[in-house]
Amino acid sequence: MQLRYNFRLYPAPPQRAALARAFGCARVVFNDGLRARREARAAGLPHLPDGELSKRVITEAKKTPERAWLGEVSAVVLQQALADLNTAYRNLFASLSGTRKGPGIAPPRFRSRKDNRQAIRFTRNARFSITAGGKLRLPKIGDVRVRWSRGLPSEPSSVTVIKDSAGRYFASFVVETADEPLPEAAAEVGIDLGLTHFAVLSDGRKITSPKFLHRVERRLRKAQQALSRKQKGSANRRKAVARVARLHTRVSDARRDYHHKLSTELIRDNQAVYVEDLAVNGLARTRLAKSVHDAGWSQFLAMLEYKAERHGRTFAKVDRWFPSSKLCSECGAVAESMPLNTREWACVCGAVHDRDANAAKNILAAGRAERLNACGGTVRPAA
Ligand SMILES: [Zn+2]
């Protein structure tokens with residue numbers, strides 16, 4: 001399967017200037033392409049084909065005095081920027097026509113130099129390479145120093161060079177990796193993603209985000225408050241902006257590490273992992289959206305999914321059509337009402353449930369039922 005391997009880059013000052021130029025050119029091509037498509041649409045013309053668009057905003061544009069500087073960067077970088085735009089449109093159309101599942105997709109937006117993340121992509125035919133001295137050779141940029149925290153398992157098919165909001169540079173390689181099946185495990189688990197806990201497992205375990213993550217998050221909130229009090233255009237404001245950006249990257253790095261650790265553990269210990277389908281329960285569209293986003297569930301679920309595939313485990317999202325909190329996981333009776341603040345409840349059958357652990361058990365049961373019935377439609381447990 002294809003995986004991303006990320007490494008920190010340390011470009012020299014002239015290389016940073018060349019990268020800034022490449023980020024800028026890729027952005028301009030992307031935006032020119034988006035503008036052309038929007039104008040065609042506004043004029044009632046058909047969707048511009050990819051080849052036609054490429055000719056217009058790259059090949060022809062380079063010949064004009066306004067866009068002649070596009071020739072200063074690798075042509076592949078420009079083509080890849082347009083490829084991103086084309087993919088965004090294809091996903092949008094697939095979502096509108098219903099062939100793509102999941103939540104609705106927003107139309108592509110213009111890119112800005114103020115975006116938190118600047119990125120360009122080099123494919124193999126851009127002739128990027130790793131030098132004998134271990135540097136990353138990028139066309140029209142130079143040989144950039146890399147901190148290799150681990151080896152690459154195979155020759156990468158592409159590399160994305162990223163500059164984050166804290167001014168750090170990264171190389172993200174796409175590589176083909178071999179599957180590494182693990183010995184069969186006896187356990188299976190259902191996971192309820194909650195707001196009071198990061199996750200509650202069907203065996204009753206409750207997983208909270210680690211303390212250090214809370215601490216950085218608290219410092220980030222304070223830094224954001226401090227920033228809001230600084231005068232616009234002042235030197236102090238600039239410093240406060242940089243501090244917030246640095247803390248942001250620390251929070252997201254710490255969260256990613258935590259997600260990696262937890263997902264690796266869950267995949268190692270369980271033969272099957274079932275979660276609720278977040279796109280279905282609509283939580284992300286409610287007022288809880290911010291906490292949902294902060295918890296970074298989609299990142300975590302994506303890790304579970306690829307690790308399961310890599311290690312021969314089952315991972316499945318369960319449609320949450322059933323009232324997972326109100327359904328008794330012992331007898332199948334449904335409680336009449338269940339205010340959000342009810343943490344524990346007793347069923348008519350005598351079972352006493354922890355709200356979240358009961359939901360996780362129901363997710364496990366639904367996941368098993370769907371798996372057994374894999375050839376047909378959804379099986380609903382008898383009420
Ligand atoms: Zn019951």
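Tutor: One term before we start: a residue is buried under 20% relative accessible area and exposed over 50%, with partly exposed in between. Also, this is a predicted model.

Student: OK, so why does Arg205 count as buried, exposed or partly exposed?

Tutor: Arg205 has a relative accessible area of 38%, so it counts as partly exposed.

Student: And which residue does Arg205 form a salt bridge with?

Tutor: Glu265, with the closest N and O atoms 3.1 Å apart. The two sit in distant parts of the chain, 60 residues apart: Arg205 is in the loop between S9 and S10, and Glu265 is in helix H5. Glu265 comes out as partly exposed too, at 26% relative accessibility.

Student: How many salt bridges does the structure hold?

Tutor: The structure holds 21 salt bridges. One of them joins Arg310 to Glu180, where the closest N and O atoms are 3.3 Å apart. That pair spans 130 residues, from Arg310 in helix H8 (residues 297–310) to Glu180 in the loop between S7 and S8.

Student: Is Arg310 buried or exposed, and why?

Tutor: Its relative accessible area is 14%, so Arg310 is buried.

Student: What about Lys63, which partner does it have?

Tutor: Lys63 pairs with Glu60, and their closest N and O atoms are 3.9 Å apart. Lys63 is exposed at 61% relative accessibility, while Glu60 is partly exposed at 38%.

Student: Which residues are linked in a network of salt bridges?

Tutor: Asp164, Arg168, Asp253 and Arg256 are linked that way.

Student: Switching to the sheet. What's the strand order?

Tutor: The order is S10-S9-S8-S11-S12, in an open sheet of five strands with mixed pairing. S10 (206–207) and S12 (314–318) are the edge strands, each pairing on one side only.

Student: How do S9 and S10 pair?

Tutor: In the antiparallel sense, over two bridges, with S9 covering residues 199–201. Within that pairing, Ala199 stands opposite Ile207 in S10.

Student: Which helices pack on the sheet?

Tutor: Helix H5 (residues 235–269) does, touching S8, S9, S10 and S11, and its direction makes about 125 degrees with that of S11. Helix H9 (residues 355–372) packs on the sheet as well, touching S8, S9, S11 and S12, with about 125 degrees between its direction and that of S8.

Student: Aromatics next. How many aromatic pairs are there?

Tutor: The count comes to seven. Among them is Phe128 with Phe173, a tilted pair at 6.5 Å centre to centre and 45 degrees between the planes. Phe128 is in the loop between S2 and S3, whereas Phe173 is in strand S7, 45 residues apart.

Student: Are Phe128 and Phe173 buried or exposed?

Tutor: Both are buried, and Phe173 is at 0% relative accessibility.

Student: Why is the pair of Trp148 and Phe173 stacked?

Tutor: The ring centres are 5.8 Å apart and the planes lie at 25 degrees, so the pair counts as stacked; the cut-off for stacked is planes under 30 degrees apart. Trp148 sits in the loop between S5 and S6, so its pairing with Phe173 ties together parts 25 residues apart in sequence. Trp148 is partly exposed, at 31%.

Student: Which residues form one aromatic cluster?

Tutor: Phe7, Phe128, Trp148 and Phe173.

Student: Last one: where does the charged end of Arg150 sit?

Tutor: Over the ring of Tyr5, 3.7 Å from its centre. Arg37 likewise lies over the face of Tyr89, at 5.2 Å from the ring centre.

Terms used:
Residues numbered from 1 in each chain as written. Predicted model: local features only at pLDDT ≥ 70, side-chain atom pairs only at ≥ 80, totals over all residues. Heavy atoms only, no water. Pairing = 2+ DSSP bridges. Helix = DSSP H or I, 4+ residues; strand = E, 2+ residues; numbered from the N terminus. Contact = heavy atoms within 4.5 Å. Axes fitted to C-alpha atoms, helices over the stretch in contact; angles between N-to-C directions. Phe/Tyr/Trp six-rings, centres within 6.5 Å; stacked < 30°, edge-to-face > 60°. Buried < 20%, exposed > 50% of the residue type's maximum accessible area, 1.4 Å probe, protein only. Lys NZ or Arg CZ within 6 Å of the ring centre and 35° of its normal. Salt bridge = Lys/Arg side-chain N within 4 Å of Asp/Glu carboxyl O.
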